[in-house]
Amino acid sequence: VCVWYIDEDQTLQAYKRAFETQIRDAFCQSSALDQNNQLRAIGNSVDKLINQRKYYEANCLLDGVAQEFIPLLNEAGVSVERFMFDISFYRMTTASHQGDPIAGEKQRKICGSILPKFAARWETLDYYMQYKIREAEHLKNCFDFQEAINILNQLENILTETVGLFQLIEELGSTGDRIRSDTLGKILGSRLLARCVLMRQDPDHLAIARNESDKAIAEFDKEHDRNRQYQYRAQIEYEAGNFVDALCWLGKSFGLSADESSPTAVINSITKSNYGVVFGAMHYARIMAGSIANGNLEWGTALHLEWVKQDVEAKIGLHENEEYPVPLIHWKIAAALAGRKKLQAAERYYERSIALLESNPQRLTLRAMALAVRLERISLDPSAKKLRRFLEKLKEYLALPLPDPMRECFAPWEPVLESATLQQPEKQKNVCSMLAKQVPIL
C-alpha cells in the first residue's frame with residue numbers, strides 16, 4: 001500500500017483494479033486483529049517519513065490512503081474510523097510542518113468530527129491529548145498564539161489532575177509524587193514557544209517561558225527529548241536578546257557544557273551530530289544574525305566567520321534541501337552578511353530564501369515570512385519604488401483566504417507603507433525594519 005501511493009510511476013495505474021481486488025480480498029480474509037496490525041503498519045510508515053522530514057512522500061501516501069484506500073476498506077466492510085482519524089492527524093501534522101494552515105484547518109475539522117465518536121475509554125484520552133497538542137501547533141501556524149496557549153493551559157490542567165491520582169496509590173509510595181509525563185513536557189514546550197512570540201509585545205512572558213522551559217526539561221527521560229527542549233530554551237534566550245546564553249543552551253543540546261560552548265565547539269558538534277542537525281544550524285544562524293542586528297557586531301562576526309570556516313552549508317546540505325527551516329537559515333545568513341556590509345553576498349541568500357518561502361502558494365505561514373524577508377531587504381536600500389512593489393505583494397497576500405489572526409497581523413500595514421512612500425529613505429528604513437520584526441517566526 002505504501003509503495004503504491006508513494007510511487008509516481010503512472011504505468012502502475014494499469015494494474016489498479018488488480019491491486020484493489022487484492023487489497024480488498026486480503027483484508028476481508030483477515031481477522032480484526034490482523035487488520036488493525038496492517039493499518040498500524042501504514043501509520044508507522046507515515047510516522048517514519050515525517051520524522052525523516054520527507055513531507056512530500058508522506059503527503060502522497062496520506063492523500064492516496066484518504067482518497068482511495070479508505071473508501072476501498074469501507075466497501076469491504078472494514079472498520080476504519082480510528083484509522084481515518086490517524087490519517088487526518090498525520091496530514092494535519094505535515095501541514096503544520098510545511099506552514100500550510102489551509103490544509104491544516106481541513107484536517108482539524110475532520111479529526112474534530114471523528115474524535116467524539118470514539119468509545120469512552122481511558123485510552124481515548126491519549127488520542128485527545130495528542131490531537132489537541134497538534135491543534136495548538138496548527139493555531140500557532142495561523143498566528144493565533146493566545147488561543148494556542150488557552151488550549152495548552154486546559155491540557156495541562158487535565159493532565160496534572162490525572163497524574164495527581166498516582167499520589168493516592170499507597171503501593172507506589174514516594175514514587176507517586178515523582179511521576180513524570182512526556183505529554184506534559186510536550187504541552188509545556190509547545191506553550192513556551194508561543195510565549196516566545198508574545199513576549200515581543202509583553203516582556204512578562206519571558207519569565208513565564210523560562211519557568212515552563214525548566215518544567216518541560218524535567219518531564220523528559222530520553223536524551224533527544226531533553227535536547228529538543230534545550231534548543232527551545234536557546235530560542236527563548238535569543239528572542240530576549242541574550243545571545244551568549246542562547247549559544248550555551250544550544251551547545252547543551254549537543255552535549256556541551258556552558259564553558260565548552262564556544263562558536264567553534266558548537267558548530268563542530270552540530271555538523272557531526274546524527275540528530276537535529278538542520279534545526280541546530282537554524283538556531284545558530286538566528287543567534288549569529290541576531291547578535292549582529294542588536295549591536296554586538298564583533299561577537300556576531302566571530303560566529304559568522306566560524307560558520308564560513310567550518311563550511312556549515314555544505315556539511316548540512318543547505319543547498320540541496322528546500323524544506324523548512326532551510327529558507328529561514330538562508331534568511332539569517334543574508335541578515336548576517338548584510339549586517340557586516342557584505343550586501344552583494346547577502347542578496348543571493350535573500351533571493352533564495354524568498355524563492356523557497358514563496359514556492360507553494362498554499363503555505364501561507366511561509367509566505368508571511370517571505371514578506372518579512374522582503375521588507376528587511378528593502379530596508380538596506382529603501383525607495384518609494386521598492387515600497388510600491390512590495391505593496392502589490394502585500395495586497396496579493398491579503399487577497400488569499402487567510403486565517404483571521406494572520407489577516408489582522410498584516411491588514412494595518414497598507415496605510416503605514418503608503419505613507420512611507422512619501423517619506424525620506426531613513427524613515428522608510430525604520431518603517432520596513434519595524435514591520436519586518438512584527439512577523440512571527442516559528
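In this predicted model, helix 14 passes helix 15 in a left-handed crossing. Residues 277–293 form helix 14 and residues 297–309 form helix 15, and the axes of these two helices come within 7 Å and cross at roughly 145 degrees. On the side of helix 14, the contact is made by A281, Y284, A285, I287, M288, S291 and I292, while helix 15 contributes L297, W299, G300, T301, L303, H304, E306 and W307. When these residues are sorted by class, the contact of helix 14 with helix 15 has ten nonpolar, four polar and one charged residues.

The two helices belong to a protein chain that has 23 helices and zero strands. Along its principal axes, the C-alpha trace of the protein chain spans about 75 × 60 × 40 Å. A compact globule of 442 residues would have a radius of gyration near 22 Å, and the protein chain, with 24 Å, agrees with this expectation.

Of the 442 residues in the protein chain, 50% are buried, where a residue is taken as buried if its relative accessible area is under 20%. Among contacts between residues at least 6 apart in sequence, 64% join residues that lie at least 24 apart in the protein chain.

Conventions: Residues are numbered from 1 along each chain as its sequence is written. This is a predicted model: local features need pLDDT of at least 70, side-chain atom pairs count only at pLDDT 80 or more; totals for chains, interfaces and linings use all residues. Side-chain values use heavy atoms; hydrogens and water are left out. Axes are lines fitted to C-alpha atoms, for helices over the stretch in contact, and angles run from 0 to 180 degrees between N-to-C directions. Helices (H or I, at least four residues) and strands (E, at least two) are DSSP runs, numbered from the N terminus. A crossing is left-handed if the near helix is turned anticlockwise from the far one by less than a right angle, and right-handed if clockwise. Contact means heavy atoms within 4.5 Å. Ala, Val, Leu, Ile, Met, Phe, Trp, Tyr, Cys and Pro count as nonpolar, Asp, Glu, Lys and Arg as charged, and the others, Gly among them, as polar. The radius of gyration is taken over C-alpha atoms; the globule rule is 2.2 Å times the number of residues to the power 0.38. Buried means under 20% relative accessible area, exposed over 50%, partly exposed in between (1.4 Å probe, protein chains only).
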